[in-house]
Amino acid sequence: MVLIPSESKTLHLYEARYLALLEESLFRKKNLFVHFVLDPVIICDPSAGSSFAARYGCLVIIEKVDRLDVGALVSIRGIGRVKIIEFVQADPHLKGIVIPVQDNISECVSEISSKVLELKEALYSLNSLEIKLKVPKEELLQTCIVNSLMWAEKEPSVDCDEAFVPSLAERISFAALQPVSGSTRSELLELQKEKLRAMDVIETPERIDDSLRLVRKSISIVAAKLAVQSLEVNGDSIMRANKWENVKERTNA
């Protein structure tokens, strides 16, 4: 699964190679490592075996570690995109050389600022609807969207070259690509496609437009779910009222 800038995720690490990566990141790499996706590569020679390409690299910072009897729960946060130039080590875990990837610098600063403000307003509107949804008790009180947006609006405190830290507008454009509470499997799959596209885009205004389209679609979906939820609540209330009337009638008789 791709991890994008501003996104928060909790990993359960228990394999020796990943625990070795965790220890090195904590004590030698300033709580940083790179998350990436291995994509299969089609080759013409079947005897050559499987081949993979490392794509969608994202520099992440470790925010919290909870040690367990078996492994550890590790909370990470995506910082910015990176390109993996080459791998220089395979054991005990992959190690390589990366360079930062950022959007092209746009001269239309006022236009981007206006788009960022529009996107933020849409995100807060979505959040105000999302918190009204009935969700399982294990769901977090703070939505993924607000969590990412609050992080994106601050200047990240990361001990690395500033070239690895995206601009404010770029960070907020990624913050919109978070799952909405109660999303269906098909909605989550669609979100993954949007994330992959966002990682390839190199123009901030283009990603903001894509994010706005996605957020507006999410607002419509959540509004429809709330309408259904309201009908269900009203239906339950009517059923309870009818039952109470029946009880009173039997008592009076």
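These are my notebook entries on a predicted model of a single chain.

**Ground rules**

I number residues from 1 along each chain as its sequence is written, and since the model is predicted, local features need pLDDT of at least 70, side-chain atom pairs count only at pLDDT 80 or more, and totals for chains, interfaces and linings use all residues. My side-chain values use heavy atoms, with hydrogens and water left out.

**Overall layout**

I looked up the elements and found 6 helices and 5 strands. Both are DSSP runs numbered from the N terminus, helices being H or I with at least four residues and strands E with at least two. Read from the N terminus, their order is β-α-β-β-β-β-α-α-α-α-α.

Next I checked burial, where buried means under 20% relative accessible area, exposed over 50% and partly exposed in between, with a 1.4 Å probe and protein chains only. Of the 253 residues in the chain, 35% are buried.

Then I looked at contacts, meaning heavy atoms within 4.5 Å. Among contacts with a separation of 6 or more, 65% are between residues 24 or more positions apart.

**The largest pocket**

On a 1 Å grid over the protein atoms alone, a cavity is a set of points where a 1.4 Å probe fits but cannot get out; a pocket is an open set with protein on both sides within 12 Å along at least five of seven lines; lining residues have an atom within 4 Å of a point. Grid points are joined across faces, edges and corners, and a volume is the space filled by probe spheres set on the points.

The largest pocket holds about 1100 Å³. I get 33 lining residues, with Leu 21, Phe 33, Val 34, Phe 36 and Leu 94 nearest the centre. Elements giving two or more residues to this lining are β1 (8–13), α1 (16–27), β2 (32–40), β4 (72–89) and β5 (95–101). β2 gives the most, with 7 residues.

I sorted the lining by class: Ala, Val, Leu, Ile, Met, Phe, Trp, Tyr, Cys and Pro count as nonpolar, Asp, Glu, Lys and Arg as charged, and the others, Gly among them, as polar. The pocket lining comes to 20 nonpolar, 5 polar and 8 charged residues.

**The one cavity**

How many cavities of 30 Å³ or more does the whole structure have? My search found 1. The largest cavity has a volume of about 40 Å³, and its lining is Leu 177, Glu 194, Arg 197, Ala 198, Arg 207, Asp 210 and Ser 211. α5 and α6 (204–252) each supply at least two of the lining residues. By class I count 2 nonpolar, 1 polar and 4 charged.

**Helix α5**

α5 (residues 185–200) has 16 residues and spans 23 Å from first C-alpha to last, close to the expected 22 Å; the expected span is 1.5 Å times one less than the number of residues. Its buried residues are Leu 191, Gln 192, Glu 194, Lys 195, Ala 198 and Met 199. They sit on the same side of α5 because they cover an arc of only 165° around the axis, taken from the directions from the helix axis to the C-beta atoms. Ser 186 and Lys 193 are exposed on the other side of α5.

Is helix α4 (residues 168–175) mostly covered or mostly open? Mostly covered, with 7 of its 8 residues buried. Pro 179 is in the loop between α4 and α5, and I call it partly exposed because its relative accessibility is 25%. Leaving aside neighbours within four places in sequence, Pro 179 contacts Glu 130, Cys 144, Leu 188 and Leu 191.

Ser 148 lies in α3 (residues 144–153) and counts as buried, at 1% relative accessibility. Not counting residues up to four places away, Ser 148 touches Ser 6, Glu 7, Arg 77, Ala 175 and Gln 178.

Val 158, in the loop between α3 and α4, is also buried, at 16%. With the sequence neighbours up to four places away left out, Val 158 touches Leu 32, Ile 61 and Ile 79. Val 158 and Lys 30 are 128 residues apart in sequence, but 8.5 Å apart in space, C-alpha to C-alpha.

Lys 30 lies in the loop between α1 and β2 and has a positive phi of about 55° although it is not a glycine. Asn 31, found in that loop between α1 and β2, has phi near 70°. I also noted a cis peptide bond from Asp 91 to Pro 92, with omega near 0°; Pro 92 is in the loop between β4 and β5.
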